[in-house]
Amino acid sequence: MEMNIALLPGDGIGPEVIDQAVKVVKAVAQKFNHNITFTEAIVGATAIDQVGNPYPDATHDICVQSDAVLFGAIGDPKYDNDPKAKVRPEQGLLEMRKKLGLFANVRPTFTFPSLVHKSPLKRDRIEGTDLVFLRELTGGVYFGEPRGRNEQGTKAFDTNVYSVEEIERLARMGFEFAQKRRKLLTCVDKANVMATSRLWRETVQRLAPEYPDVKVEYEFVDAVAMRLIQWPKAYDVLITENLFGDILTDEASVISGSMGLMPSASLGLTTKLFEPIHGSYPQASGKDIANPLATVLSAAMMFEYAFGLMDEANAISDVVNLSLEQGVVTEDIADGGKAYKTSEVGDWLVKQILG
Ligand code: IPM
Ligand code: MN
């Protein structure tokens, strides 16, 4: 297959982890006879430094023209401590999501047999967890207007807004995911308090009869926050709005043992995008110590969701599992054993794929 992949390494550890994913993707292409062209583009703080815009038009054009986007991370501490900064790297991320129409962020949570003992949660609670969040990604309080301050600057406000259309397309995707999995869909909302949540619930209730094989549960977000770590095996597919999804998916990463392991896919109207759920981890930037596995697993999701190539996707997740079993891992999960460098983990994965 011919594939055009846009590479957006971004900030912090982004470039290092993307490098490893690229090595792995090239190895898979060699093994399965694919022809891949990579086109690199700037985004985030790096792009602000170079051209004053965190998501330049040239980058957007490259994304639109590609079959898939592999994305590293965005963020730089020099902006975190400056609430008055006019342009922020995160704006680039949000603009990219909006302009590419990436309305669904797929964030799976599963346990790795060789890491279960490293989770702060009890083994019997988490072993065998297999759930997936579909987080709405282009609406809600992240984009709602009006937002800002009153004239005196003494009040600030954000607006949470959802249309039926936005909820419906995400919910339908949730029903379809559930149909291919264990047929349980949980709608996570705050319908006892929020008008937007009541529209979510109403919309999901209206659609449910069209998917009679899927059992639907409605749960309040605060209860899910608790039950998710108490009994994660109770869940299969969870759909939720942008902000709730942001918070709950960070929480869910604890089940897997490390943020450094969690991939994601963003799907929607145009080119699909694949990225680790962790951030730019500036403290580790340039040190060759960051965990590349979340990005490598995001590349596996790319083969599955962008190209429908399951064997290629499995080839990647198999070698990632092997690296965890054999302890070829970075310091965040080395647990007293030898800590490998980011690039060493990448090289090792390549050798296993081609070996
Ligand atoms: C994420 C991140 C982003 C978000 C930030 C960096 C804007 O936390 O992808 O989850 O809140 O969506
Ligand atoms: Mn987040």
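Colleague: At what angle do helix α1 and helix α12 pack, and how far apart are their axes?

Modeller: In this predicted model, helix α1 covers residues 14-32 and helix α12 covers residues 310-325. The two pack at an angle of about 130°, with their axes separated by 11 Å.

Colleague: Are α1 and α12 oblique or roughly parallel to each other?

Modeller: Angles under 35 degrees would count as roughly parallel, and those over 145 as roughly antiparallel, while 65 to 115 is the range for roughly perpendicular. The angle here is about 130°, and α1 and α12 are therefore oblique.

Colleague: Which residues make the contact between α1 and α12, and how many of them are nonpolar?

Modeller: From α1 come Val 24, Val 28 and Phe 32, and from α12 come Asp 311, Glu 312, Ala 315 and Ile 316. By class, this contact of α1 with α12 has 2 charged residues and no polar ones, and the number of nonpolar residues is 5.

Colleague: Is Asp 11 buried or exposed?

Modeller: Asp 11 sits in the loop between β1 (2-10) and α1. Residues under 20% relative accessible area count as buried, and because Asp 11 has a relative accessibility of 4%, Asp 11 is classed as buried.

Colleague: Which side chain is joined to that of Asp 11 by a polar contact of 2.5 Å?

Modeller: Leaving aside residues up to four places away in sequence, Asp 11 touches several residues, including Val 43, Gly 44, Ala 45, Thr 46, Pro 89 and Ser 280. The side chain that a polar contact of 2.5 Å joins to the side chain of Asp 11 is that of Thr 46.

Definitions and conventions
Residues are numbered from 1 along each chain as its sequence is written. Chains are lettered from A and ligands numbered from 1 in the order in which they are written. This is a predicted model: local features need pLDDT of at least 70, side-chain atom pairs count only at pLDDT 80 or more; totals for chains, interfaces and linings use all residues. Side-chain values use heavy atoms; hydrogens and water are left out. Axes are lines fitted to C-alpha atoms, for helices over the stretch in contact, and angles run from 0 to 180 degrees between N-to-C directions. Helices (H or I, at least four residues) and strands (E, at least two) are DSSP runs, numbered from the N terminus. Contact means heavy atoms within 4.5 Å. Ala, Val, Leu, Ile, Met, Phe, Trp, Tyr, Cys and Pro count as nonpolar, Asp, Glu, Lys and Arg as charged, and the others, Gly among them, as polar. Buried means under 20% relative accessible area, exposed over 50%, partly exposed in between (1.4 Å probe, protein chains only). A polar contact is a pair of N or O atoms within 3.5 Å; within protein, one must be able to donate a hydrogen and the other to accept it, and residues adjacent in sequence count only if both atoms are side-chain atoms.
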